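Subject: Structure handover

Hello,

Here is the structure I promised to pass on. Please open it next to this message; my notes follow below.

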Amino acid sequence: MLRFDGRTVLVTGGAGGQGSSHVRAYHAEGANVVIGGIDAGRGTALADELGDRARFVSLDVTDESSWSAAVQDTESAFGGLNVLVNNAGVQNPPALIEETDHATWSRILDVNLTGTFLGIKVAAPALRRAGGGAIVNIASVMGVGGTAHYAPYVASKWAVRGLTRTAALELGRDNIRVNTIHPGVIATPFIQEPAAGATAAIADFYSPEPFAVPRLGEPVDVTRLLLFLTSSDASFVTGSEYVIDGGLLLGPALQAA
Ligand SMILES: NC(=O)c1ccc[n+]([C@@H]2O[C@H](COP(=O)([O-])OP(=O)(O)OC[C@H]3O[C@@H](n4cnc5c(N)ncnc54)[C@H](O)[C@@H]3O)[C@@H](O)[C@H]2O)c1
């Protein structure tokens, strides 16, 4: 018996760097997987590659009617929804607060925060109909401290923490657990390609060398934690925050001379 046999999992941004790793792992562990996202080419290709128990649904997380259609599609295809992973996210082009335009601020908050809010709002009744389940919201280490030039992103990921704790309180009695994961720097297009409107990628100036685990994170690092948090092994874990960053938040691991 596999860990997610008979379970149905919806991953937003499911064709992205981390999302596709999550989708593949859930599928390999027996789940029905729904790849939700705006990248139909990649999403459909991944669903076709996985074959049985996998489908792509068009889902713009900023749009409530898109959410309703995706959750309805999931329930009619697989008979229910057990796990929601709010993984879709975007970063702002680096800029000081006083140089950040209102439209950029709104766009980042809209995807990262409002997208997560809408996901919880629309999926909660489906999770309840399935007898309970789990939601994981993907935040960031930038949702734990401050980062110059990333105010919209930082603010959106901090806000996801408050939303998560509130949802955990509201949904606990329905057997629905809600937690956050806070990745450090993970090797995906998110850091390897410039954000919309930016000229440099994070990977162009970031080095993991000073930190306790001196390497970039891999998507599978996050996937392993996610699968634990959404499995029955974590049935007593809710409203909690999991940093997975190789020691980035600890600060530099200074070596004795
Ligand atoms: N890579 C990192 O270093 C890092 C670190 C901390 C947190 N994160 C977070 O991890 C999550 C996944 O990022 P990733 O590293 O896989 O990057 P990625 O760019 O590969 O994936 C992001 C995905 O989100 C999707 N997306 C964007 N806007 C959307 C919308 N409106 N509706 C639906 N989907 C949308 C994109 O199409 C893409 O598939 C994000 O929430 C990101 O903020 C990433």
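The overall build comes first. The secondary structure of the protein chain comes to seven helices and seven strands. Read from the N terminus, the elements run β-α-β-α-β-α-β-α-β-α-β-α-α-β. The radius of gyration is 18 Å, close to the 18 Å that the globule rule gives for 257 residues, so the chain is as compact as a globular protein of that length. Please keep in mind that this is a predicted model.

Some further totals for the chain. Along the principal axes, the C-alpha atoms fill a box of roughly 55 × 45 × 40 Å. Of the 257 residues, 50% count as buried. Among contacts with a separation of 6 or more, 70% are between residues 24 or more positions apart.

Helix α4 covers residues 102-129 and helix α5 covers residues 151-171. Their axes come within 8 Å and cross at roughly 15°. Angles under 35 degrees count as roughly parallel, and α4 and α5 are therefore roughly parallel to each other. The crossing of α4 and α5 is right-handed. On the α4 side, the contact residues include Trp105, Ile108, Leu109, Phe117 and Arg128. On the α5 side, they include Tyr153, Lys157, Val160, Leu163 and Leu171. By class, the contact of α4 with α5 has 16 nonpolar, three polar and two charged residues.

The other pair is α1, residues 17-28, and α2, residues 40-50. The axes of α1 and α2 are 11 Å apart, and the helices pack at an angle of about 20°. That makes α1 roughly parallel to α2. The crossing of α1 and α2 is right-handed. Ser20, Val23, Arg24 and His27 of α1 make the contact with Leu46, Glu49 and Leu50 of α2. The residues of this contact divide into three nonpolar, two polar and two charged.

Arginine 161 sits in helix α5. Is arginine 161 buried or exposed? Arginine 161 has a relative accessible area of 14%. Buried means under 20%, so arginine 161 counts as buried. Leaving out residues up to four places away in sequence, arginine 161 touches Gly143, Val144, Thr180, His182 and Glu241.

Leucine 216 is in the loop between α6 (189-192) and α7 (219-229). Leucine 216 is partly exposed, at 26% relative accessible area. Which residues does leucine 216 contact, leaving aside its neighbours within four places in sequence? They are Val185, Ala187, Ile191, Tyr206 and Pro208. Leucine 216 and arginine 129 are 87 residues apart in sequence, and their C-alpha atoms are 39 Å apart in space.

Glycine 51 lies in the loop between α2 and β3 (54-58). Glycine 51 counts as partly exposed, with 29% relative accessibility. Glycine 51 and isoleucine 181 are 130 residues apart along the chain, and 28 Å separates their C-alpha atoms.

Best wishes

Note on methods
Residues numbered from 1 in each chain as written. Predicted model: local features only at pLDDT ≥ 70, side-chain atom pairs only at ≥ 80, totals over all residues. Heavy atoms only, no water. Axes fitted to C-alpha atoms, helices over the stretch in contact; angles between N-to-C directions. Helix = DSSP H or I, 4+ residues; strand = E, 2+ residues; numbered from the N terminus. Parallel < 35°, antiparallel > 145°, perpendicular 65-115°, else oblique. Left-handed = near helix turned anticlockwise from the far one by under 90°. Contact = heavy atoms within 4.5 Å. Nonpolar A, V, L, I, M, F, W, Y, C, P; charged D, E, K, R; others polar. Rg over C-alpha atoms; globule rule 2.2 N^0.38 Å. Buried < 20%, exposed > 50% of the residue type's maximum accessible area, 1.4 Å probe, protein only.
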